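Here is a short report for a reader new to this structure. Take a look at the chain first, then read on.

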Amino acid sequence: MPILYRYLIRETLAVFLATNLILLAILLSFRLSSLLAAAAAGNMALSAVWQLVGLQAVRFLVVLMPIAFVLAAVMTLGRLYRDQEISAILACGIAPGHQTRALILCAAPICLLLLILSLTILPGVYRSQEGLRQQAQQEAGMILFTPNTFRRLDDGTVVHTGAIENGELRDFFIAHQEPDGHSIILADSGRLGGSEQERHLYLNNGRRLAWTDNHEPTRTTLFTFDSADLRLPGASALTGENTRLRNIPTSELGASPEHLSEWQTRSNPALALIIYTLCLPLLARSQPRQGRYQKILPAFIGFALYINLLDLATVAIRKHQLAPLPGSYWLHSAVLALILAAWHRHTRRA
């Protein structure tokens with residue numbers, strides 16, 4: 001491999017890794033805060049937070065790797081233009097096409113890794129993530145009812161139980177603030193139940209007292225009940241999550257329009273990156289007095305537009321508004337034709 005190729009690959013990979021780590025840290029920090037908030041509200045067990053963060057890191061990598069490589073390539077070439085290294089390379093008779101070949105050699109392993117993540121690992125990550133989330137929500141249901149402890153749910157409801165005997169709650173208490181008043185529920189016993197999608201609280205031998213803020217006698221009620229069924233607030237339903245297209249292993253995808261669109265969704269990031277890499281030397285060209293980072297924004301906007309158009313194409317396939325084949329691949333062909341035309345125009349001018 002020529003020295004120039006090794007130099008460009010080394011510089012690009014260094015910036016790529018740094019950019020990837022920074023963007024991943026930013027996204028995971030925001031995601032961690034939302035998961036901790038959900039755990040504090042009682043919607044999931046705290047022990048599942050770090051496992052969910054680890055699973056979502058794989059998901060974020062698939063999104064960030066193409067973006068990080070585009071930014072890294074443009075930043076590397078921009079520095080070479082600013083330091084006049086590109087001028088020295090061209091003066092030695094080395095054509096601009098060698099920059100493209102070096103970037104392709106650098107992007108090829110990244111595209112292969114993207115395909116492996118998207119086609120084989122990511123569907124399993126989605127299934128594990130949703131299963132873990134359901135399990136964490138179920139565990140959180142029992143954590144709410146710690147004996148002799150007041151717990152506040154995410155809607156402001158306060159719950160308290162005196163004891164837990166053989167899975168049954170004793171001396172149960174609920175205080176709830178309504179839009180125009182308050183209510184209290186007292187019960188001798190209760191138990192937690194329901195399905196994986198919903199948590200229910202079944203109470204026995206209880207009383208409910210409700211009153212308004214101004215204590216109107218006509219709107220103050222007290223009644224007793226033998227049994228009651230309460231749906232716990234904050235227990236989000238995950239109906240249909242396990243049957244979503246993104247959870248299906250790639251080997252099980254069929255020939256329906258929905259499955260073909262999912263196949264294209266998984267393969268599009270790698271194809272888009274390898275095609276867009278061809279035009280990065282053209283996008284990174286700058287004049288001697290231009291800044292190092294001046295071409296980053298146009299390159300990023302162009303790639304973001306490319307990716308979003310691909311997403312719109314796959315959505316149109318699922319809605320039967322676009323033929324599954326060639327589907328979104330026609331957009332790859334159009335972008336590749338535009339890049340080849342731009343290189344032909346650049347070569348004629350040179």
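How much space lies in the largest pocket? The answer is about 710 Å³. Keep in mind that this is a predicted model.

## The largest pocket

The lining of the largest pocket counts 27 residues. Val62, Val63, Thr265, Pro269 and Asp311 lie nearest the pocket's centre. Helix 7 gives the most, with 10 residues.

What classes of residue make up the lining? There are 15 nonpolar residues, five polar ones and seven charged ones.

## The overall fold

The protein chain has 350 residues. Its secondary structure comes to eight helices and six strands. The order along the sequence is α-α-α-α-β-β-β-β-β-β-α-α-α-α.

Buried residues make up 42% of the chain.

## Transmembrane regions in the record

An unreviewed UniProt entry places the feature "transmembrane region" at six stretches: residues 12-30, 59-81, 102-126, 267-284, 296-317 and 329-346.

Two of these stretches can be set against the model. Residues 59-81 are 100% helix and 0% strand. Their end C-alpha atoms are 34 Å apart. Residues 267-284 are 78% helix and 0% strand. Here the end C-alpha atoms are 26 Å apart.

## The nonpolar cores

The largest nonpolar core holds 64 residues. Which of them touch the most other members? They are Phe16, Phe69, Val70, Leu273, Tyr276, Leu280 and Tyr306. The elements that give two or more residues to this core are helix 1 (3-40), helix 2, helix 3 (85-91), helix 4, helix 5, helix 6 (280-283), helix 7 and helix 8. Helix 2 provides the largest share, 20 residues.

Valine 70 shows how such contacts run. Leaving out residues up to four places away in sequence, valine 70 touches Leu273, Tyr276, Leu280, Ala299 and Phe303. A second core is separate and has nine residues. Among them are Val159, Ala187, Leu201 and Phe225.

Most residues other than glycine have a negative phi, and most peptide bonds are trans.

The bond from leucine 325 to proline 326 is cis, with omega near 5 degrees. Proline 326 sits in the loop between helix 7 and helix 8 (329-349).

The other two are residues with a positive phi. Histidine 320 is not a glycine, yet its phi is about 60 degrees. Histidine 320 also belongs to the loop between helix 7 and helix 8. Asparagine 205 has a phi near 55 degrees, again positive in a residue other than glycine. Asparagine 205 lies in strand 5 (residues 200-212).

Asparagine 205 has a relative accessible area of 41%, so it counts as partly exposed.

How values were computed:
Residues are numbered from 1 along each chain as its sequence is written. This is a predicted model: local features need pLDDT of at least 70, side-chain atom pairs count only at pLDDT 80 or more; totals for chains, interfaces and linings use all residues. Side-chain values use heavy atoms; hydrogens and water are left out. UniProt positions are given in the numbering used here, feature names are shortened, and annotations may be inferred rather than shown by experiment. Helices (H or I, at least four residues) and strands (E, at least two) are DSSP runs, numbered from the N terminus. On a 1 Å grid over the protein atoms alone, a cavity is a set of points where a 1.4 Å probe fits but cannot get out, and a pocket is an open set with protein on both sides within 12 Å along at least five of seven lines; lining residues have an atom within 4 Å of a point. Grid points are joined across faces, edges and corners, and a volume is the space filled by probe spheres set on the points. Ala, Val, Leu, Ile, Met, Phe, Trp, Tyr, Cys and Pro count as nonpolar, Asp, Glu, Lys and Arg as charged, and the others, Gly among them, as polar. Buried means under 20% relative accessible area, exposed over 50%, partly exposed in between (1.4 Å probe, protein chains only). A nonpolar core is a set of buried Ala, Val, Leu, Ile, Met, Phe, Trp, Tyr and Cys residues joined through side-chain atoms within 4.5 Å. Contact means heavy atoms within 4.5 Å.
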